[in-house]
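Entries follow in the order I checked them.

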Amino acid sequence: MTITYIFHSGFVVETDNFNLVLDYWMDPAGVMPHILESDKPLYVLSSHFHEDHFNAEILSWRSRRQAPTTYLLSKDILRHRRAVRDDADAWLAKGKTWEDDRIKVTATGSTDSGVSWIVQWGDIHLFHAGDLNNWYATFLTDNYAGGHIMTEEFGEIDPLHEEKAYLGELKDIRKLRDGFDIVMFPIDGRVGNGYTRGARQFIDRFRVKLFVPMHFAASGFESAWRMREFTEPKKIPFWSINHEGDRLTPEL
């Protein structure tokens, strides 16, 4: 198996039997032409309708390939009219599962739009968070006493309520699995202070064999590497991605 970082939250996973594309947005390093030319079956997943996780360009890929191409898309993409019903082989909301003789895909929850993903093939279980995260962690400072606060960017929010919602989603995921071979999770410096808090809460609750940062396009590669100081004490291997098109063959 080889994992290639495309951009932002987008990855390709290449296996002996199929290829998997997750949350494609754009391809500055030209990763996709090789994948689209492959004669392996291709599975394409998009976790929600936001433009940095879903690009309608993916819907043209099937007509460009001889090998089978399967689209597994979050149902909110259809609801927001970013695609039509016939564009996907399955529209998945939280709690729904799709499988064939190669892979099994389960849609789990999010604290933003759409879903997160559990993808299983053989003995491998991959988790891709989509936009699941503790997005308001920066407001959970030592002097925060609870209740609503007014912010310029988000308006009125209750950060503790938002954190409880996030931890509730993790609890629901843990009912399905308590560990993953590969975890792809947002490490987004735009959150502000505490931007690793959601990821730290994740690795406190799940066994993780490989942690892969994502969603850091705006804050930069080195901002994502900060998570390494929290994975290393737990002996969790961390992929320090350093360019678009970076590749890893993990030892799992």
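Which residues lie nearest the centre of the largest pocket? I work from a predicted model. I found Trp135, Glu153, Phe154, Asp188 and Arg190 nearest the centre, among 13 lining residues. By class, I counted five nonpolar, two polar and six charged residues in that lining. The space in this pocket is about 350 Å³.

Next, the core. I looked up the largest nonpolar core, which has 79 residues. Trp61, Met184, Phe202 and Phe211 touch the most other members. I followed Phe211. Leaving out residues up to four places away in sequence, its contacts include Val183, Phe185, Ile187, Met227, Phe238 and Trp239.

Then the charge pairs. I got twelve salt bridges. Glu14 and Arg247 form one of them, at 3.2 Å from N to O. Glu14 sits in strand 2 and Arg247 in strand 17, so this pair ties together parts 233 residues apart in sequence. Glu14 is buried because its relative accessibility is 12%, under the 20% limit. Arg247, at 48%, counts as partly exposed.

Asp181 is in the loop between strand 13 and strand 14, Lys209 in the loop between strand 15 and strand 16, so the bridge ties parts 28 residues apart. Asp181 is buried at 7%, while Lys209 is partly exposed at 43%.

Arg207 and Asp178 meet at 2.6 Å, N to O. This pair links strand 15 to the loop between helix 3 and strand 13, 29 residues apart.

Last entry: I noted a salt-bridge network of Lys94, Glu169, Asp172 and Lys175.

Terms used: Residues numbered from 1 in each chain as written. Predicted model: local features only at pLDDT ≥ 70, side-chain atom pairs only at ≥ 80, totals over all residues. Heavy atoms only, no water. Core = buried A, V, L, I, M, F, W, Y, C linked by side-chain atoms within 4.5 Å. Buried < 20%, exposed > 50% of the residue type's maximum accessible area, 1.4 Å probe, protein only. Contact = heavy atoms within 4.5 Å. 1 Å grid on protein atoms, 1.4 Å probe; cavity = no way out; pocket = protein on both sides within 12 Å on 5 of 7 lines; lining within 4 Å. Points joined across faces, edges and corners; volume = space filled by probe spheres on them. Nonpolar A, V, L, I, M, F, W, Y, C, P; charged D, E, K, R; others polar. Salt bridge = Lys/Arg side-chain N within 4 Å of Asp/Glu carboxyl O. Helix = DSSP H or I, 4+ residues; strand = E, 2+ residues; numbered from the N terminus.
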